[in-house]
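Please keep the structure open beside the text as you read.

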Amino acid sequence: MSVARFPVEAGHIRMFAQAIGDTNPAYYEETAGETALGTVTAPPTFVMAGAQFDPDYPLRPQPGRPWMGSGREPTGTPSAGAEGEGTGLHAEQHFTYHRPLRPGDVLSAESREGESWTKEGRRGGSLRFSETIVDYRNQDGDLVVTARMVGVVTGRAPGEAVA
């Protein structure tokens with residue numbers, strides 16, 4: 001993900017917290033003053049909402065294009081994997097906060113590749129793991145959050161015969 005401008009707003013934090021069912025008073029303007037930080041702060045996974053500011057984000061429906069969320073294929077769109085390649089999965093997500101996110105912050109996000117490794121699986125053949133690291137910086141260029149996602153691609157598609 002690469003985002004040039006991701007404004008952090010109190011209303012966006014509130015809607016995000018409501019969407020995930022989190023009633024922590026730190027996420028709501030009317031109760032945040034009573035918390036230890038004394039101001040609205042964002043939930044730990046909030047930076048994932050930055051994907052909505054990425055015009056090329058592949059998981060958001062695009063007008064006139066097939067969407068992976070529905071359809072006859074398991075993902076709604078034909079497999080984009082290479083011949084003989086299995087299914088891609090989201091395996092892990094980690095967040096390192098260098099300071100709390102607050103309304104008024106304006107973030108930018110840059111992705112970079114992390115480590116990659118392979119393990120042998122029982123049913124899906126070889127499992128290829130890879131990290132994607134996203135650094136979120138504020139309007140002053142300070143590193144605020146580092147997100148690390150681990151994805152895995154199976155060596156075979158589900159139900160594919162073992163060679």
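## Overall layout

The protein chain has 2 helices and 5 strands, where helices (H or I, at least four residues) and strands (E, at least two) are DSSP runs numbered from the N terminus. Read from the N terminus on, the elements follow the order β-α-α-β-β-β-β. This is a predicted model, in which local features need pLDDT of at least 70 and side-chain atom pairs count only at pLDDT 80 or more, while totals for chains, interfaces and linings use all residues. Residues are numbered from 1 along each chain as its sequence is written, and side-chain values use heavy atoms, with hydrogens and water left out.

Of the 163 residues in the protein chain, 31% are buried, meaning under 20% relative accessible area, with exposed set at over 50% and partly exposed in between (1.4 Å probe, protein chains only). Contacts are heavy atoms within 4.5 Å; among those between residues at least 6 apart in sequence, 60% join residues at least 24 apart.

## The sheet

The 5 strands form an open sheet in the order S1-S3-S4-S5-S2, with antiparallel pairing; two strands pair if DSSP finds at least two bridges between them. At the edges are S1 and strand S2 (88–97), each of which pairs on one side only. From one strand to the next, the twist averages 30°, with axes taken as lines fitted to C-alpha atoms, for helices over the stretch in contact, and angles running from 0 to 180 degrees between N-to-C directions.

S2 and strand S5 (residues 143–154) run antiparallel and are joined by 9 bridges. Gly-88 stands opposite Val-153 in S5.

## Helix H1 and its two faces

Which residues of helix H1 (residues 10–19) are buried? They are Ala-10, His-12, Ile-13, Phe-16 and Ala-17. These residues cover an arc of only 160° around the axis, so they lie on the same side of H1; the arc is that of the directions from the helix axis to the C-beta atoms.

Strand S1 (3–7) and helix H2 (29–32) are included in what covers the buried residues of H1. On the face turned away from the buried side, H1 carries the exposed residues Met-15 and Ala-19. Just after H1, Gly-21 takes a positive phi of about 75°.

## The nonpolar core

The largest nonpolar core has 23 residues, and Ile-13, Phe-46, Leu-101, Leu-107 and Tyr-136 touch the most other members. Such a core is a set of buried Ala, Val, Leu, Ile, Met, Phe, Trp, Tyr and Cys residues joined through side-chain atoms within 4.5 Å. The elements giving two or more residues to this core are S1, H1, strand S3 (106–120), strand S4 (126–137) and S5.
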